[in-house]
Structures are given as C-alpha cells and as structure tokens.
Amino acid sequence: MIRACIRAVLVAGLLVTPVVTTSAPAMAQSLCNQPEPPPSCNPEPGPTPSDRSPFGAFDTLSYNAGTASVTGWTIDINGGPNNVHVYVDGQFAAAFTADQYRADVGQRYPVNGPYHGYSGSFPAPSSSGPHEVCVYGINWPDGTTPVASNYRLGCKQYNVPVPAPGNLRLYAGSRDIVIVWTDNATDETDYEVTVSWSTSCGDQEGNYPPNGTSCGYQSTWRTGAYNGGDVSARYALLPRNTYVFVTVRTYRGTAYSNAVTGSAITS
Ligand SMILES: [Ca+2]
C-alpha cells in the first residue's frame, strides 16, 4: 500500500517536471528568495546621493534701449564654475558662466572662494510695459542620483515707458481748436485727448472775460492708433476769446505715457 502511494507520487512528479523546467524566470526569482541568495541578487549599491542644487543671488537688473544687463553670483558645492540661464517673459534669453571675482562672496563662503560672480548683457524686448527677467543657477552634477534640480536665483522687472506724443501744436480759431501731435509710439492702443476751458456758468458761448461765477468745462475723448507721422484732432463748439488747455497722452494696454500739454486762446 505504501509502495503504491510512493509510486503514485513519483509518477505525478514525472508528469509535473517538464512544466516546471520550462519556466526559467520563475526559477531565477526563486533563487533570490532563498535565505542566502547568490551575489547576482544583490548588486552593489550606487554612490550615496550627494548632489545639491546651486544657490546664490540675482543682484541687479538694468535695461536700456533693447539691451538688458544682469549681475549676481551662484555656487554649486559639487563643482563648477556653474552656469546661469536668463529668461525674459518666460523665454530663454542668455547663458553666462559664474566665474567672475566677487570679493564679498569669497568672504561669505571662504571654502568656495570668490570666483562665483556672473554679469552680462543680452537683447531684451523693447515693447512698452513691464517685462520680467528671471535667472536660474544651473546645477553642477556630481554623478550621484537623484540629480539635483536647477535653482531660481530670482526675478526682477524692467519697465519700458509708453512713449509720449511729440511736438504738440495747437491752432485755435474763433470757436474751435485743432490739435496736432507726432505719433512716437509703435504699439499704442490709442491716444487720449482732453480739452478744458472755463467760462461763465450756464453760458458756454459767452465772451471772455466771463461775467458771473466761473465754471469749468472739460471734454475727453480717445483717438485711434496711428502708424507714425502727425496726428490731427479737432474740437469745436468752444466759446470765443477763451483760454483753452489741452492734454494728450499715449495709452497702451494698462499704462499711459507722460502727458504733453499746451494752451491757446480762441479768437
Ligand atoms: Ca549640484
């Protein structure tokens, strides 16, 4: 009876064996599950993670006529000199190597020394309005993983003022005034014109000097955008012999230029 059972197990084993031996990955995995797995199951660990992001500062930004300049410093403790990348309004603009002498950095970080400064100039947008400049310290890797990220040293803004109208000219008639200026802007939304004067209350057509209480009147309107040259506007229905004050400003997006002003007297 026992021998019959053993024979039955052996037969079952013979039947099962071909199935097991064709499953190589299962065999390899099982080797690593042993109490003392072979060396191939335990590869040498990699180097200890030690890469660090750079640090530093974005010290100054200047802008003049389509050229921006930046200065600052950055240190990567893993080596260097590392680079900085400059972005303007989110677009890559320039790269510089931080290897310039900065006595103050050397005093503050004597282990790293003074040669970590950067400075440089690059073309920058000249359209009127604010522009944002951001500087990133680029990581100097030390070969370990995870690789440290770059570091934003800072962001600053420069503003290109909206160009004011040029060469304001006023031509007053008896009841009207013609206003002429030069279009100095290339990207204006429009111009704002204000004409103001004073005359006697309730009598805009009265003569100068007005009798009775003086009242102020003002009219403001917007012109369109222009493509250079002289722009002309006219305001009629003014009282005669009246002092008229005129203001013109360029408008773009959310900002006005400085105002140009002038005055004339109707005849
Ligand atoms: Ca690093």
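Which strand is Gln218 found in? Gln218 sits in strand S12, residues 214-222. What you have on the screen is a predicted model.

Staying with Gln218 for a moment: it has 11 C-beta neighbours inside 10 Å, and with 12 or fewer counting as exposed, Gln218 is therefore exposed. Leaving out residues up to four places away in sequence, Gln218 touches Thr194 and Ser196. Its C-alpha atom is 9.7 Å from that of Val244, which is 26 residues away along the chain.

Now the overall numbers. The protein chain has 3 helices and 16 strands. Of its 267 residues, 21% are buried. Among contacts with a separation of 6 or more, 63% are between residues 24 or more positions apart.

On confidence, the mean pLDDT of the chain is 85, and 82% of the residues reach 70 or more. Two stretches stay under 50. One is residues 1-28, for which the model has 0 contacts beyond four places in sequence. The other is residues 206-211, with 10 such contacts in the model. Where pLDDT is low, the predicted coordinates should not be read in detail.

S3, residues 83-88, is joined to S4 by 6 antiparallel bridges, and Val88 has Gln91 in S4 as its bridge partner. In the loop between S3 and S4 is Asp89, which has a positive phi of about 50° although it is not a glycine. Asp89 is partly exposed, with 13 other C-beta atoms within 10 Å.

Another open sheet of 4 strands runs S1-S2-S6-S5, also with antiparallel pairing. Which strands stand at its edges? They are S1 and strand S5, residues 100-101, and because each has a single partner strand, one side of each lacks a neighbour in the sheet. S5 is joined to strand S6, residues 115-123, by 2 antiparallel bridges, and Gln100 stands opposite Gly117 in S6. Ala65 is in the loop between S1 and S2. Ala65 has a positive phi of about 50° and is not a glycine; with 7 C-beta neighbours inside 10 Å, it counts as exposed.

Two peptide bonds are cis. Gly80 and Pro81 are joined by one, with omega about 10°, and Pro81 is in the loop between S2 and S3. Thr145 and Pro146 are joined by another, with omega about 0°, and Pro146 lies in the loop between S7 and S8. For background, most residues other than glycine have a negative phi, and most peptide bonds are trans.

Which residues touch the most other members of the largest nonpolar core? That core has 18 residues, and the answer is Ala68, Val70, Val84 and Val135. At least two residues of this core come from each of strand S1 (55-64), strand S2 (67-75), S3 and strand S7 (129-137). Val135, leaving aside neighbours within four places in sequence, is in contact with Phe58, Val70, Gly72, Val84, Val86, Leu153 and Gly154. Apart from this core lies another, of 12 residues, including Ile179, Trp181, Val195 and Leu238.

One more pairing to finish. Strand S9, residues 166-172, and strand S10, residues 177-182, are joined by 5 antiparallel bridges. They form a hairpin with 4 residues between them, and Arg169 stands opposite Val180 in S10.

Notes. Residues are numbered from 1 along each chain as its sequence is written. This is a predicted model: local features need pLDDT of at least 70, side-chain atom pairs count only at pLDDT 80 or more; totals for chains, interfaces and linings use all residues. Two strands pair if DSSP finds at least two bridges between them. A residue is buried if 20 or more other C-beta atoms lie within 10 Å of its own, exposed if 12 or fewer, and partly exposed in between; C-beta atoms are placed from the backbone. Two residues are in contact if their C-beta atoms, placed from the backbone, lie within 7 Å. A nonpolar core is a set of buried Ala, Val, Leu, Ile, Met, Phe, Trp, Tyr and Cys residues joined through C-beta atoms within 7 Å. pLDDT is the predictor's confidence in each residue, from 0 to 100.
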